[in-house]
Amino acid sequence: MDPRMAAELTKQVQGKPEQRKLDIIIGDFREFAMRLIAQPRTELWSRLSTNVQLYSKVNLVMHVGKNNFRPAPQVESSVVRLVPLDPPPPIKFEEFDGLGRIIFSRGNRMVHATFMAKGVIEMLEQNWRTWCSTQNKMIDDNTNMKAKVEEVLSSSGFSEQRAAKMTLNDLLKSVEFIMSRVGKC
C-alpha cells in the first residue's frame, strides 16, 4: 500500500467518529480490489473473493486515479475496507480453502467434472489415507476413491453447479456436507 494514500486517509478521518470504523484499509490495484469485492455469478468471483468474504465484510471505499500520485503509476488504484466478521464462521479455513482450491481451479466447469479429474482424485485419496492414519482408522486397500467421491457429490446436490455461480453459503454448505461424509474410512 502506498504510504501516502494511508497518510491521506488517516488525515481525513482523524478525530472523527469514522476513525474507529477503519478496521483494515487496503489501497491497491483496481483489479485486485474488484476481485476482493466480487459477487457470485460475476466474472471476477474467485477463490480470493470467497476466502476474504468468509471472514470479513468487504466494501469499496473509493477509486483513486493514477493522477493523484507523483510520479503517476501505470495503473488505477482503489481503496477497500475490510471489517472482520464477529463471530467468524464455525469452519476450518483449511477445509474451506481446500475446497476452493479444487473447484476454482476451473471456475466455469461443473463441480463434478472438476472433482473427477485424475490429479484431483489422486490428491483426495492421498489426503484421505493420511487423515485416516492420523485418526487411527483402518483403511480398506480396495477402496475406490472415484466411486466414493461420486457418491458424496451426487448426494450433496452441488455436483451440477459451477464454482463461478456458487454463493458463499453454497460453498459453506458443501464443505460441511463433504466433511460430514469423509469420516468413514
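These notebook entries record what I looked up in a predicted model.

**Entry 1: cavities.** I searched the whole structure and found one cavity of 30 Å³ or more. The largest cavity has a volume of about 50 Å³. I then listed its lining: Leu-99, Ile-103, Val-111, Phe-115, Leu-153, Ser-156, Phe-158, Met-166, Ser-174 and Ile-178. Sorted by class, this lining comprises eight nonpolar and two polar residues, with no charged residues. I noted that helices H4 (93-103), H5 (111-115), H7 (145-156) and H8 (168-182) each contribute at least two of the lining residues.

**Entry 2: nonpolar surface.** I located a nonpolar surface patch of about 250 Å², made by Phe-29, Phe-32 and Val-75. Phe-32 belongs to helix H2 (residues 30-37). I recorded Phe-32 as partly exposed because its relative accessibility is 33%.

**Entry 3: salt bridges.** I counted five salt bridges in the structure. One of them pairs Arg-35 with Glu-31 at 3.2 Å, N to O. These two residues are four apart in helix H2, so about one helical turn separates them. Glu-31 is exposed at 51% relative accessible area, whereas Arg-35 is partly exposed at 28% relative accessibility.

Entry 4: I found Asp-97 in a salt bridge with Arg-47, with the closest N and O atoms 2.8 Å apart. This pair links distant parts of the chain, since Asp-97 lies in helix H4 and Arg-47 in helix H3 (residues 47-55), 50 residues apart. Asp-97 also meets Arg-101 in a salt bridge (3.1 Å, N to O). Asp-97 and Arg-101 are four residues apart in helix H4, so they are separated by about one helical turn. Through shared partners, salt bridges join Arg-47, Asp-97 and Arg-101 into one network. I recorded Asp-97 as buried at 9% relative accessibility and Arg-47 as partly exposed at 29%.

Note on methods. Residues numbered from 1 in each chain as written. Predicted model: local features only at pLDDT ≥ 70, side-chain atom pairs only at ≥ 80, totals over all residues. Heavy atoms only, no water. 1 Å grid on protein atoms, 1.4 Å probe; cavity = no way out; pocket = protein on both sides within 12 Å on 5 of 7 lines; lining within 4 Å. Points joined across faces, edges and corners; volume = space filled by probe spheres on them. Nonpolar A, V, L, I, M, F, W, Y, C, P; charged D, E, K, R; others polar. Patch = residues over 30% accessible without salt bridge, like charges linked within 9 Å, V, L, I, M, F, W, Y side chains within 5 Å. Areas by Shrake-Rupley, 256 points an atom, 1.4 Å probe, with all protein chains shown as cover. Salt bridge = Lys/Arg side-chain N within 4 Å of Asp/Glu carboxyl O. Buried < 20%, exposed > 50% of the residue type's maximum accessible area, 1.4 Å probe, protein only.
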